[in-house]
Amino acid sequence: MLTRKQKELLLLIRDRMAEDGVPPSFDEMKDALGLRSKSGIHRLITGLEERGFIKRLPHRARALEIVRLPEGIEPAKAGKPAARKSRLPAHMPSMAAIAAQSIRLPLYGRIAAGTPIEALRDPNSNIDVPVGLIASSRGKIDPDEHYALEVAGDSMIEAGIMDGDRVIIRKCDTAENGAIVVALISGDDDGDNEVTLKRLQRRSGKIDLVPANKNLQTRSYDPDHVKVQGKLVGLVRQY
C-alpha cells in the first residue's frame, strides 16, 4: 500500500517522464506536493524504491526510473499532457534532449571534505558531465559558470558525498543557509588559504561550516575569514 503522498509523487514522476523524458527535479517535486523541504521528497522516494515502484540509476541526471505502477493505474502516454511544452519557447531544448548530452567542465583538483586543504587547480584536467546537471529549470546551459572538484575525505558522507566523488559547482559568491558550498577560509597569521566543501550556516555574526558526519565537529569563523566560491549543483560517481 502506498501513502497518499507516495502515490502523488509516483504519478507526478510518471506524467513528467512521459512529457519531458526525465523526472521532475527535487525542487519541482517539493513544490508540487506542497512540502517544506526536499528531505520529505527523499523519504518518499526511498519508500517508493523499497516497495519496488521505482529505482535509482547511476551516472544519470535526475536518475529515477518507474518499475511498476499501483494496480488500476495506467502508464502515461508519451506526449500527454502537452500543455507544459506548449508554454515553452520554440527554440528551447527539451529536458530529455538536454539530459542526453554531455559537456566538458574543468576539473580543478582535489578538495577536502574532511580537514580543509588548498584546492589544486589543474587547467589541463577536464571531466565530461551530463548537461542536465548544469541546466537551469528553463533549460539554460552556461558551462563557463561551472567547474568540477574531486572530493577527498568523508565529512560529507551523510549528504551522500563520498571520497573520490566529483562534485559539480556553480560559481557564486553567496548562498542560502543550508546550501553545500565551496568555502575559501583565509588564514590568520601565516596568510595561507584553505578550501573546503561544507554546509553553510550563518548565526549571530558567525559563519558555521557544518560537516555531514556525526563524528566531526562544526567549525565557526568570523564572516571576513570565509568567502563562498561556489555552490554544489551535482555529483558524478564512478564505480
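**Packing of α1 and α2**

Modeller: In this predicted model, Lys 5, Glu 8, Leu 9, Leu 12, Ile 13 and Arg 16 of α1 meet Glu 28, Met 29, Ala 32 and Leu 33 of α2, where contact means heavy atoms within 4.5 Å. Residues are numbered from 1 along each chain as its sequence is written, and side-chain values use heavy atoms, without hydrogens or water. Local features need pLDDT of at least 70 and side-chain atom pairs 80 or more, whereas totals for chains, interfaces and linings use all residues.

Biologist: Why is α1 called oblique to α2?

Modeller: Helix α1 (residues 4–20) and helix α2 (residues 26–33) pack at about 130 degrees, with their axes 11 Å apart. Angles under 35 degrees count as roughly parallel, over 145 as roughly antiparallel, 65 to 115 as roughly perpendicular and the rest as oblique, so α1 is oblique to α2.

Biologist: Which residues of α2 are buried, and what puts them on the same side?

Modeller: Met 29, Lys 30 and Leu 33 are buried, that is, under 20% relative accessible area with a 1.4 Å probe and protein chains only, where exposed means over 50% and partly exposed lies in between. Because they cover an arc of only 100 degrees around the axis, they lie on the same side of α2, the arc being taken from directions from the helix axis to the C-beta atoms.

Biologist: What do the buried residues of α2 pack against, and which residues are exposed on the other side?

Modeller: The buried residues of α2 pack against α1, α3 (38–50) and β2 (64–66), while Asp 31 and Ala 32 are exposed on the other side of α2.

Key:
Axes are lines fitted to C-alpha atoms, for helices over the stretch in contact, and angles run from 0 to 180 degrees between N-to-C directions. Helices (H or I, at least four residues) and strands (E, at least two) are DSSP runs, numbered from the N terminus.
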